[in-house]
Amino acid sequence: MALLEVHNVSKHFGGVQALQGVELAVEEGTIHSIIGPNGAGKSTLLNVLTGQIAPDTGTVEFDGQSLADVKPYDINQLGIARVFQTPAIFPELTLLENVAISAFAHRDGKFAFNVMETPAHAHEVYEDAERMLAEVQLEKQLKQEARHLSRGDKRRLELAICLAHHPRLLLLDEPTAGMSRHETQSTIELLKRISEKGMTKVVIEHDMHLVFALSEHLTVLAQGQVIADGKPEDVRGDERVVEAYLGGAHE
């Protein structure tokens with residue numbers, strides 16, 4: 001069953017056509033990667049999925065519900081969370097406080113976070129935040145201010161923030177950008193472990209090692225259009241994909 005469906009989505013910016021007739025179906029419980037060369041339309045598509053921009057034509061449906069005219073914060077409340085290329089965190093707060101804000105939002109709904117609530121009055125929420133930090137292997141740093149983290153750990157913190165919202169669909173925009181090979185491999189293992197819990201994930205990524213190690217399904221964009229869609233082993237050998245994006249990188 002498709003949890004996320006995109007039908008005939010197109011988007012122009014002035015005279016530039018960023019997306020053209022995009023069709024996409026993301027099955028529930030899978031890891032679905034979207035790849036393509038620079039300028040292929042990946043970021044534009046992600047912004048359409050999260051309500052940051054509206055398509056000129058076409059529809060986006062999440063669990064059978066149209067996302068047309070739904071505000072980004074309401075899309076988040078429906079169960080879609082996004083990990084950005086640049087970590088979206090509160091640098092002056094501790095790791096625990098960062099994740100607790102998301103946990104409170106999940107419990108109470110949008111704009112309902114009570115800044116006066118203490119751990120003594122919100123024990124379950126803080127316990128959940130600690131579990132999410134443990135999930136991304138940051139539990140030993142929970143009292144540290146987020147600004148002191150390495151770039152890779154900031155990405156992990158943002159992932160924990162998203163997980164604390166318990167989304168059904170997690171959108172990851174180049175989750176290993178700026179990471180070392182060791183950090184990338186740890187992230188692959190982390191995302192696989194999370195996937196075992198049934199969460200659906202859409203990954204936009206340039207790192208082919210991650211894409212082929214992680215993905216169950218691939219969609220390839222080029223010049224705003226889908227040029228290939230299928231299992232990784234099938235897409236890998238597609239001549240259109242090799243020509244448009246992969247080159248010899250997979251060899």
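Select helix H6, residues 181-195, and show what covers its buried residues: strand E3 (31-35), helix H4 (123-135), helix H5 (151-163), strand E7 (169-173), strand E8 (200-204) and helix H7 (208-214) are among the elements there. Contact here means heavy atoms within 4.5 Å. Helices (H or I, at least four residues) and strands (E, at least two) are DSSP runs, numbered from the N terminus.

Before going on, know that this is a predicted model, where local features need pLDDT of at least 70, side-chain atom pairs count only at pLDDT 80 or more, and totals for chains, interfaces and linings use all residues. Residues are numbered from 1 along each chain as its sequence is written, and side-chain values use heavy atoms, with hydrogens and water left out.

Stay on H6 and colour its buried residues: Thr184, Ser186, Thr187, Ile188, Leu190, Leu191, Ile194 and Ser195. Buried means under 20% relative accessible area, exposed over 50%, and partly exposed in between (1.4 Å probe, protein chains only). An α-helix has 3.6 residues a turn, so residues three or four places apart point the same way. From first C-alpha to last, the 15 residues of H6 reach 21 Å, close to the 21 Å expected at 1.5 Å a residue. That expected span is 1.5 Å times one less than the number of residues.

Next, pick out the strands. Strand E1 (2-13) runs antiparallel to E4 over 5 bridges, and leucine 4 has phenylalanine 62 in E4 as its bridge partner. Two strands pair if DSSP finds at least two bridges between them. E4 also pairs with E5, again in the antiparallel sense, over 2 bridges, with glutamate 61 opposite serine 66 in E5. Zoom in on the hairpin of E4 and E5: 2 residues sit between the strands, and aspartate 63 in the turn has a positive phi of about 55°.

Now move to aspartate 69, in the loop between strand E5 (65-66) and H2. Its phi is near 65°, a positive value in a residue other than glycine. Is aspartate 69 buried or exposed? Aspartate 69 counts as exposed because its relative accessibility is 81%.

Last stop: histidine 166, in the loop between H5 and E7. Histidine 166 has a positive phi of about 50°, although it is not a glycine. With 37% relative accessibility, histidine 166 counts as partly exposed.
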